[in-house]
Amino acid sequence: MPEPGERSLMSRFENEAMPHMNDLFRTATRMMGERSRAEDVLQETYLQAWKSFHSFEPGTNCRAWLFKILFHCVHHARRKDMRFPLVKEPNDALDATLASPPAVPEQLTDEEILAALDKIPADFRSVVLLVDVEEFAYKEVAEILAIPIGTVMSRLSRGRKLLRGYLTDAAVSYGIGGDAENRQGA
Amino acid sequence: MTGRLQETVKKVTAPPELAERIRSAILAAGPPRRYSWIPVYYAAAIAAGLMALAVGSVGYQQGYFRFSDSSRQAYISAIASRVDHLMSLGLCDHVQCAVFREYPKDPPTLEELGQTLGPANADLIPAVQGHVPEGYRLVMAHVCQYKGRPFTHLTFRDGKQVLSLVIARRGVGESIGDQVRESSVQRYQIAAFETPGHLVYVVSDLTPEKNMRVLADLAPTVRAVLRKSEG
């Protein structure tokens with residue numbers, strides 16, 4: 001039976017931390033690649049958050065604090081498995097191979113979009129998810145991932161270009177987008 | 001692209017049972033610990049540091065880690081005060097001259113030691129050889145001083161174990177009696193006897209029995225050598 005002080009802390013945790021579970025889960029799923037692994041990472045995230053919840057200052061950004069813990073757990077889980085090699089630094093060669101990105105074709109399915117997102121190296125994917133999906137500010141992303149703000153911006157730019165490139169490839173394979181248009185034009 | 005990406009990713013939701021699983025894990029973990037942020041390895045490092053401090057402190061009390069003359073003299077004075085004055089003479093010379101010393105890897109030869117000991121005491125070297133415990137080797141033989149008083153000092157070593165035969169001229173009124181006497185302080189064992197003109201000590205970190213046996217083995221030959229100078 002929890003003590004009264006613990007009950008109050010649990011109540012705060014329930015109100016402030018638990019509502020962000022879906023946001024954290026979808027990010028964990030995209031970062032880990034499998035729902036079951038994302039569930040494990042999310043459980044570990046909440047456990048770590050609970051253990052250090054006394055250090056969380058009420059009124060500050062609980063969501064950003066949870067994402068910071070989430071990425072710590074994701075990083076730890078990936079290192080443990082060694083199944084997901086990290087791309088540490090942006091690769092300039094990537095830019096050279098990417099043409100100016102076309103618009104995303106509307107015909108692409110959700111699965112194709114998610115598959116394209118999952119193909120992006122993890123370091124770029126994390127920034128795209130945090131900025132474009134979870135709508136964190138660059139400064140918050142820099143704090144969550146513990147990287148300089150300039151790195152956030154460059155990874156976002158490269159991540160978006162890669163994503164567009166993969167989406168275009170997917171579109172072309174269905175006969176839509178770049179090449180198809182070229183053929184029509186010819 | 002951003003809108004479509006956001007819309008697609010946000011369709012993924014957590015399974016309903018996950019929230020309950022997390023709540024159960026939190027309940028099982030118990031209340032948060034105030035200092036859970038201290039990593040285990042920091043705590044281990046602090047514990048190791050405290051342990052090293054305790055070991056160092058005990059070692060210092062035992063005479064280890066004494067690198068300056070003043071700290072060595074303070075140590076000698078401290079242990080000397082815990083034994084009878086006449087017994088402390090041999091102890092002090094042993095600790096100052098034989099314990100607080102860096103020994104060369106290759107000790108001098110017996111001939112060289114005979115020269116450093118001087119002609120008056122040179123007979124001691126062959127006399128005492130063979131009367132010390134097995135493994136001990138004569139590494140030093142000289143006349144040294146402690147607080148202005150001269151001592152004839154032979155040191156034997158077996159690894160890190162040190163054994164001294166210390167001989168001092170008897171001063172006026174200095175007598176330890178007819179019997180062999182023994183004392184101990186910390187790891188040092190002191191056994192002593194007197195001749196008409198000298199006080200003879202064996203000081204070592206052997207057990208009391210072994211130290212006394214060394215003295216008993218050495219006594220006849222040492223008496224015989226000293227008798228020559230005592231006339």
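Good morning. I begin with Glu14(A), which counts as partly exposed at 29% relative accessibility. Please bear in mind throughout that this is a predicted model.

What does Glu14(A) meet in a salt bridge? Its partner is the side chain of Arg23(B), with an N to O distance of 2.4 Å. This pair crosses between chains: Arg23(B) belongs to helix 2 of chain B, residues 16–29, and Glu14(A) to helix 1 of chain A, residues 4–16. Arg23(B) has a relative accessible area of 26% and therefore is partly exposed, since that class lies between 20% and 50%.

I turn next to Arg21(B). A salt bridge joins Arg21(B) to Asp40(A), and their closest N and O atoms are 3.0 Å apart. Here too the pair crosses between chains, from helix 2 of chain B to helix 3 of chain A, residues 35–51. Arg21(B) is partly exposed, at a relative accessible area of 32%. Asp40(A) is likewise partly exposed, its value being 46%.

The next pair is Asp110(A) with Arg4(B), a salt bridge whose closest N and O atoms lie 3.3 Å apart. It runs between chains, from helix 6 of chain A, residues 110–119, to helix 1 of chain B, residues 2–9. Are these two residues buried or exposed? Both Asp110(A) and Arg4(B) are buried.

There is also a network to report. Asp23(A), Arg26(A), Arg63(A) and Glu134(A) are joined into one network by salt bridges that share partners.

Finally, the overall count: over all chains, there are 19 salt bridges. Thank you.

Terms used:
Residues numbered from 1 in each chain as written. Chains lettered and ligands numbered in written order. Predicted model: local features only at pLDDT ≥ 70, side-chain atom pairs only at ≥ 80, totals over all residues. Heavy atoms only, no water. Salt bridge = Lys/Arg side-chain N within 4 Å of Asp/Glu carboxyl O. Helix = DSSP H or I, 4+ residues; strand = E, 2+ residues; numbered from the N terminus. Buried < 20%, exposed > 50% of the residue type's maximum accessible area, 1.4 Å probe, protein only.
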